[in-house]
Amino acid sequence: MNKHNLKEYWAINIRYVLILVSIWFLVSFGFGILGAPVLNEIQVGGFKLGFWFAQQGSIYVFVILIFVYVYLMNKLDIRFGVQEEEVE
Amino acid sequence: MSVQLWTYLFVGITFSLYIGIAIWSKASTTSEFYVAKGTVNPLTNGMATAADWMSAASFLSMAGLISFMGYDGAVYLMGWTGGYVLLALTLAPYLRKFGKFTVPDFIGDRYYSKTARTVAVICALIVSFTYVAGQMRGVGLVFSKFLEVDIFWGVIIGMAIVFMYAVLGGMKGITYTQVAQYCVLIFAFMVPAFFISAQLTGNPIPQIGFGSRLADGSGMFLLDKLDQLHTELGFSAYTSGTKSMQDVFFITVALMVGTAGLPHVIVRFFTVPKVKDARISVGYALIFIAILYTTAPAIAVFSRTNLITTVSEQPYENMPEWFNTWEETALLNWVDKNGDGKITYAPGAAIVGSPEIERVDGEITRGESGEVKILNPVTDTDNELYVDRDIMVLANPEIAGLPNWVAALVAAGGLAAALSTAAGLLLVISTSVSHDLIKKQINPDISDKKELLYARIAAGFAVIVAGYFGINPPGFVAEVVAIAFGLAAASFFPAIILGIFYKKMNREGAVAGMIVGLLFTLSYIAFFKLIFPEYNTPEYWWFGISPEGIGTLGMIVNLLVSLAVGMIFPDPPEEVQDMVESIRYPRA
């Protein structure tokens with residue numbers, strides 16, 4: 001594995017992290033806190049939307065974000081040949 | 001069968017299970033003791049992390065707290081789950097690749113400095129001790145409530161159990177007991193939630209139930225009904241809350257970042273075999289945590305609604321049996337201020353302080369309607385009802401009229417939550433002493449066997465200290481939980497993040513940042529919580545940030561100081577930069 005390729009691997013990783021952290025921020029702090037008063041005007045079922053994001057939705061999104069990252073990184077590891085060998 | 005008999009049965013079964021696991025999983029090397037040899041399956045580790053993380057507070061207090069905070073409860077819900085995203089994306093995989101035993105290990109090696117390691121050890125010890133005292137208290141509380149055992153003996157029994165599996169089995173024993181404890185606690189949390197959700201809304205899934213219409217035929221949404229009840233009684237609407245937006249924001253950040261920086265959580269990701277496993281393991285952990293954390297706000301709404309509709313403007317003599325039971329434990333009280341014999345529930349405190357029951361010759365004195373009389377002076381608000389937040393989860397099964405075994409299950413679940421977290425923290429304390437202090441600083445030539453012995457002695461000693469604080473809690477225990485998160489956020493988190501993502505970060509910058517961040521946060525909290533509690537109101541806070549949220553500012557201060565001081569001093573040595581390079585790739 002040459003140095004140039006590793007640099008690219010790291011750059012892509014950083015890009016993934018930045019994109020996913022932005023979504024993390026948007027959903028929790030954006031929808032759940034800063035935008036909650038506006039979103040509360042919209043009602044879905046019995047939930048005001050801002051309240052729902054703050055107490056339910058953001059947590060679901062957190063779980064999804066982690067699994068998306070795992071999926072992306074496992075693919076990236078293989079693409080750049082830095083995946084760990086299967087021991088056992 | 002009575003609640004007490006059921007409780008003995010459940011607690012007996014679960015405790016035998018924990019002891020059985022302890023005997024089966026005895027650790028024989030330090031690597032087994034510290035990180036279970038790094039061979040834990042990622043799914044197992046995820047479940048153990050969830051139990052490690054969810055403490056007596058999450059299990060017993062959180063839903064109750066939220067039911068009184070309404071929307072503002074979101075700070076805990078998002079704050080204590082959002083940190084896992086940061087863990088998975090920015091910490092866990094790299095620390096796993098680094099492949100040592102503790103957080104101070106990483107800080108010490110990455111910043112090629114004994115000072116840095118020592119600062120990290122001190123932070124780890126303060127954070128863990130603060131936290132563990134609360135857990136032992138939780139154990140004692142459950143014992144005294146459900147088994148009518150003295151708090152003292154409750155704590156002693158809890159200590160003995162933790163001693164068995166933490167001191168014998170180390171990380172290996174803790175991991176497998178935590179898996180068992182997770183199963184117990186989640187079952188105990190969900191069963192009453194299913195029942196109550198079905199009762200109130202006709203839908204047994206609590207996450208959907210609390211957004212559904214009431215089952216009483218009114219066709220009203222549950223949350224609309226609760227908002228209406230709140231407004232009628234003079235509270236602000238349940239779904240909008242009372243804290244200022246910037247305070248909610250800062251507290252949430254502090255809790256999230258603090259979570260990601262807590263040593264007993266981070267160390268769990270040193271126990272899986274591979275980098276790939278560390279990433280997915282955080283995902284599993286968050287799923288297991290989310291099951292409880294998405295149910296808690298639903299329980300909060302159910303119990304709040306049940307409480308208000310049961311008591312508000314009702315005559316005292318119509319109160320169900322549980323009302324009197326909890327009155328006698330001084331966790332619930334009614335003072336008939338207007339003398340109409342009905343319970344008036346309104347905003348504000350009903351009495352000064354927490355209830356002290358009036359007794360004559362050991363007999364409880366009763367008022368005109370038969371209510372338990374207390375010595376406290378009353379306040380001049382209209383509110384006549386004192387409710388301790390902690391009873392919302394404990395009393396929930398009784399309030400909803402569920403069978404006795406459900407209430408007993410809640411007791412076993414509370415114990416599981418407290419014990420699992422206590423064990424994880426005790427391990428961090430013992431590792432800090434035997435590995436980070438003795439092995440790395442005092443006597444590097446120590447044999448593995450000796451080091452293991454010291455680890456066991458340290459764990460044993462830590463159990464005793466924790467037990468002492470459980471029996472004699474310093475008055476400020478509840479107050480200082482904020483310190484644990486604030487400190488983790490303001491000390492570890494920036495140092496680790498910079499250590500991984502900024503190769504040129506040097507020793508001087510990191511140490512200066514940690515110390516300044518730590519002192520800044522500590523002094524702000526100490527000022528408002530311990531020295532001048534009378535000034536602890538929004539008008540005196542900086543930028544409207546409460547002591548709970550100040551860790552966020554401490555973190556920013558840490559980052560700025562680290563970067564500024566780092567610029568003055570030379571870059572870290574070549575081999576450290578190479579190490580940083582190498583932890584970025586799973587294999588290279």
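Ser67(B) is found in helix H4 of chain B, where helices (H or I, at least four residues) and strands (E, at least two) are DSSP runs numbered from the N terminus. The model here is a predicted one, so local features need pLDDT of at least 70 and side-chain atom pairs count only at pLDDT 80 or more, while totals for chains, interfaces and linings use all residues. Residues are numbered from 1 along each chain as its sequence is written, and chains are lettered from A and ligands numbered from 1 in the order in which they are written.

Setting aside residues up to four places away in sequence, Ser67(B) touches Ala300(B), Ser303(B), Arg304(B) and Met392(B); a contact calls for C-beta atoms, placed from the backbone, within 7 Å. Ser67(B) and Ala298(B) sit 231 residues apart in sequence, yet their C-alpha atoms are 9.0 Å apart in space.

What does helix H4 (residues 56-69) of chain B pack against? Its partner is helix H16 (residues 404-442) of chain B, at an angle of about 135 degrees and with the axes 6 Å apart. Axes here are lines fitted to C-alpha atoms, for helices over the stretch in contact, and angles run from 0 to 180 degrees between N-to-C directions. H4(B) and H16(B) are therefore oblique to each other, since under 35 degrees counts as roughly parallel, over 145 as roughly antiparallel, 65 to 115 as roughly perpendicular and the rest as oblique. H4(B) brings Ala56(B), Ser58(B), Phe59(B) and Leu60(B) to the contact, and H16(B) brings Gly413(B), Gly414(B), Ala417(B), Ala418(B) and Thr421(B). By class, that makes 5 nonpolar, 4 polar and no charged residues. For these classes, Ala, Val, Leu, Ile, Met, Phe, Trp, Tyr, Cys and Pro count as nonpolar, Asp, Glu, Lys and Arg as charged, and the others, Gly among them, as polar.

Met392(B), one of the residues that Ser67(B) touches, is also one of the buried residues of H15(B). In helix H15 (residues 391-399) of chain B, 9 of the 9 residues are buried, so this helix is largely enclosed by the rest of the structure. Just after H15(B) comes Gly401(B), with a positive phi of about 70 degrees. Helix H19 (residues 492-501) of chain B is mostly covered too, with 9 of its 10 residues buried; among them are Phe492(B), Phe493(B) and Pro494(B).

Glu32(B), in helix H2 (residues 30-35) of chain B, is buried as well, with 20 other C-beta atoms within 10 Å. Beyond its neighbours within four places in sequence, Glu32(B) is in contact with Ala27(B), Lys37(B), Gly170(B) and Lys172(B).

Most residues other than glycine have a negative phi. Asp361(B), however, has a positive phi near 55 degrees, and lies in the loop between strand S2 (359-360) and strand S3 (363-364) of chain B. Asp361(B) is exposed, with 4 other C-beta atoms within 10 Å. Phe543(B) also has a positive phi, of about 50 degrees, and its place is the loop between helix H20 (507-531) and helix H21 (550-568) of chain B. Phe543(B) is exposed, with 10 other C-beta atoms within 10 Å.

Zooming out, chain B is divided into domain 1 (3-307 + 403-583) and domain 2 (332-387), with bounds from an automatic or database domain assignment. The C-alpha centres of these two domains of chain B lie 36 Å apart.

As for the partner chain, 43 residues of chain B are in contact with 37 residues of chain A. The elements giving two or more residues to this side of chain B are helices H5 (74-98), H10 (222-233), H11 (245-261) and H13 (275-311), and H13(B) gives the most, with 12 residues. This side of chain B has 25 nonpolar, 11 polar and 7 charged residues.

How confident is the predictor? The complex gets an ipTM of 0.94 and a pTM of 0.90.

Key. Two residues are in contact if their C-beta atoms, placed from the backbone, lie within 7 Å. A residue is buried if 20 or more other C-beta atoms lie within 10 Å of its own, exposed if 12 or fewer, and partly exposed in between; C-beta atoms are placed from the backbone.
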